[in-house]
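Please keep the sequence and the 3D view at hand as you read.

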Amino acid sequence: MSGYDNPFDEDVNPFAGGSTKGKSSGQSNNGGGRFSNIDLKAKEAELKAREAELARREQEIKRKEDAIARAGITLEVKNWPSCLPIIHHDIANDIPIHLQRMQYVAFATLLGLVLCLLWNLFTMLVGCFNGQGPAILFLAIIYVICGVPGAYVLWYRPLYRAMRTDSALKFGWFFLSYMVHICFCIYASVAPPFVLAGHSLT
């Protein structure tokens, strides 16, 4: 008996280590839960802060939009022509429905003017090749360059804005400019041989 040690002589509980491990693992699990709760609370606080910032920005944008609306300023996005937008033109959304037909007629008139001036340029080019001289071609080019944007700025755009805002001042400017344009069209149709050289108008 004396040649070897008896393992049962020591007052050691073999199961004590397991219970200790269980306690330590339980403590670590509790610690991990505390950390995860802290992370969740931090994320929740961050989300609330972002939400508050978004709400603040939304209120700021709305305040600016209201101020712009009260000032009568309209934001216009260039959308026409679709291939190369250079102007804002949206009759369906900008013009009251009972005035849209009249605005479409005015728009067709503007496009008709463009076609007429381009046709005039073409005929003057042919006339120039037939010995009429370069002056008529030069005047036809001036008509196109000045006539199309001039018609848009002087009478079509005022009519568009008058229809949109029901402004008497803009309606008055439209009628004045349109009467001048009609007088020019009458002059062009008669094409008298003075002032602008009658042969430069077809």
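A residue is called buried here when its relative accessible area is under 20%, exposed when it is over 50%, and partly exposed in between, with a 1.4 Å probe and protein chains only. The model is a predicted one, so local features need pLDDT of at least 70 and side-chain atom pairs count only at pLDDT 80 or more, while totals for chains, interfaces and linings use all residues. Residues are numbered from 1 along each chain as its sequence is written, and side-chain values use heavy atoms, leaving out hydrogens and water.

With that in place, start inside. Phe 107 and Tyr 156 are both buried. Their rings form a tilted aromatic pair, with 5.8 Å centre to centre and 45 degrees between the planes. Rings of Phe, Tyr and Trp (for Trp, the six-membered ring) pair if their centres lie within 6.5 Å; planes under 30 degrees apart count as stacked, over 60 as edge-to-face, and the rest as tilted. This pair links distant parts of the chain, since Phe 107 belongs to helix α3 (residues 100-132) and Tyr 156 to helix α4 (residues 134-165), 49 residues apart. Helices are DSSP runs (H or I, at least four residues), numbered from the N terminus.

Tyr 156 has another aromatic partner: with Trp 155 it makes an edge-to-face pair, 6.1 Å centre to centre and 80 degrees between the planes. Tyr 156 counts as buried because its relative accessible area is 0%, and Trp 155 because its relative accessibility is 2%. In total, the structure holds 11 aromatic pairs. One aromatic cluster takes in Trp 80, Phe 107, Tyr 152, Trp 155, Tyr 156, Tyr 160, Phe 174, Phe 175 and Tyr 178.

What does Tyr 156 touch, not counting residues up to four places away in sequence? The list is His 89, Ile 91, Gln 103, Ala 106, Phe 107, Leu 110 and Ala 151, where contact means heavy atoms within 4.5 Å.

Now widen the view to the nonpolar core, a set of buried Ala, Val, Leu, Ile, Met, Phe, Trp, Tyr and Cys residues joined through side-chain atoms within 4.5 Å. The largest such core has 22 residues, and those with the most contacts inside it are Ile 91, Leu 110, Trp 155 and Tyr 156. Helices α3, α4 and α5 each supply at least two of its residues, and the largest share, 10 residues, comes from α4.

Leaving aside neighbours within four places in sequence, His 181 is in contact with Leu 113 and Trp 155. Its relative accessibility is 16%, so His 181 counts as buried.

Two backbone features deserve a look. Most residues other than glycine have a negative phi, and most peptide bonds are trans. Trp 80 and Pro 81, however, are joined by a cis peptide bond with omega of about -10 degrees, and Pro 81 lies in the loop between α1 (16-71) and α2 (91-94). Asp 166, which is not a glycine, has a positive phi of about 60 degrees. You will find Asp 166 in the loop between α4 and α5, and it counts as exposed because its relative accessibility is 63%.

A salt bridge is a side-chain nitrogen of Lys or Arg within 4 Å of a carboxyl oxygen of Asp or Glu, and the structure holds six of them. In one, the side chains of Glu 44 and Lys 48 meet at 3.6 Å, N to O. These two are separated by about one helical turn because they are four residues apart in helix α1. Glu 44 is partly exposed at 44% relative accessibility, whereas Lys 48 is exposed at 53%.

Glu 53 and Arg 57 form another salt bridge, their closest N and O atoms being 3.2 Å apart; both lie in helix α1, four residues apart, about one turn of the helix. Glu 60 and Arg 63 meet at 2.5 Å, N to O, and they are three residues apart in α1, about one turn of the helix. Salt bridges that share partners also join Glu 53, Arg 56 and Arg 57 into one network.
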